[in-house]
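Here is a protein chain to look at.

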Amino acid sequence: MNKTGQEASFKSLISQNLKQYGMIGALVALVVFFQISTNGLLLLPNSFVALIQQNAYVLILSMGMVMIIIATHIDLSVGSQVAFIGGILAILMEKMHVNWVFAIFVAIAVGLLIGAWHGFWVAYVGIPGFITTLAGMLLFRGLSTILVGESVPIKSQAYRNIAKGYLPNVLGFAGPFDVLTLVIGILIIAFIIYSTLRNIKRAISAGITLSSNDKTLKYITAGVGIIVVGFVTYLLAQSGNGTEGGMPITLVIVGLLFVMYHFITTSTVFGRQVYAVGGNRKAATLSGINTRLVDFKLFLHMGFLVSIASIVMLSRSASATAVAGQEFEMDAIAACFIGGTAVTGGAGTIPGVMIGSAVMGVLNQGLSLLGVSSAWVKAIKGLVLLLAVAFDIMSKKKKR
């Protein structure tokens, strides 16, 4: 291929991933803007940890929501489920004096049952997900009000440490840095390098011809990941000046779920079936995919992730209330669309929704540090969502 052809190929490759790169650029721009406008407060270690802890529910819920949306469904009940499951957790621990570890397993079981309930109506009765989960939103909000009443405070410090605690400092400090956090960061960077080289090698072994531009794009993506991981590791590992230093347990939970669901969506039969169903349900049925079972499993996964979000949220708030989780579904849906998930289904990625969730989190944190009222925060988030969806629609029109 001549030089002109290579340039055209590279531009085509960039245009195919324009929205994802655009969101990364928007995220960087937001971080820089708020870092300057808050006089450096946004990226202080304590502020960064607070950003993770306060937005963990969006990160967790959006992983399930993106798969639901890819398959052309929606779940409007996740906020109500968070309140309901949180209420059950609080009552088990504080009124029935159940061990908090056992209570967590019960909460996960309840989440799976709720997922099965929604999955049954959507997959086997044929009620659209919008209607089913709208009913679920009202049902579980009402049940949480009956169950919890005003509030149920959480006294267990061990349970509260899930959201606010850090991994034990088992390796000590190297100067002002937590060694365990540094080791975790180095291992993640090593994995990024290894997986990038492995993917290129596998493609070549499978007879897939990778141009120099393809390889360059993979290296750039890996380089961005390494820079982000390195910077986050540097922030989290610092101690002193009022900063504890260490790896937040919340981030470990989110990280494990990210790896798990990225693998599910990219490397499993179920993941490929989800994209096939979202791309063309009739064609998927004709190809032998059990679309009903796929839909049922999707809501099971959503129920599991809602239960994890409930556990983290209750740990952070330290009190179960009937109004907990309000507008959580809106934040999760917005994170999906901002992160590049197609409005019409069939397209979306776990890394994309993580970027979308990060955009939402930085907006919340940055505007809060600037003293902007919650009403204006909602208005700005609404405009960001509208622009993201408009960009998606206009990109598709341009391609057609």
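Q: Which residues is Ile162 in contact with, leaving aside its neighbours within four places in sequence?
A: Ile162 is in contact with Trp100, Ile104, Ile249, Thr250, Ile253, Ile311 and Ser315. Contact means heavy atoms within 4.5 Å. This is a predicted model, where local features need pLDDT of at least 70, side-chain atom pairs count only at pLDDT 80 or more, and totals for chains, interfaces and linings use all residues. Residues are numbered from 1 along each chain as its sequence is written, and side-chain values use heavy atoms, with hydrogens and water left out.

Q: Why is Ile162 called buried?
A: Its relative accessible area is 11%. Buried means under 20%, exposed over 50%, and partly exposed in between (1.4 Å probe, protein chains only). So Ile162 counts as buried.

Q: What separates the C-alpha atoms of Ile162 and Thr250?
A: They are 6.6 Å apart, though the two residues are 88 residues apart along the chain.

Q: Why does Gln54 count as partly exposed?
A: Gln54 has 32% relative accessibility, so it is partly exposed. Gln54 is found in helix H3. Gln54 touches Arg316 and Gln365, not counting residues up to four places away in sequence.

Q: Which backbone oxygen lies 2.8 Å from a polar atom of the side chain of Ser47?
A: That of Leu41. Ser47 is also in contact with Leu42 and Gln365, leaving aside its neighbours within four places in sequence.

Notes:
Polar contact = N/O pair within 3.5 Å; in protein donor to acceptor, adjacent residues only side chain to side chain. Helix = DSSP H or I, 4+ residues; strand = E, 2+ residues; numbered from the N terminus.
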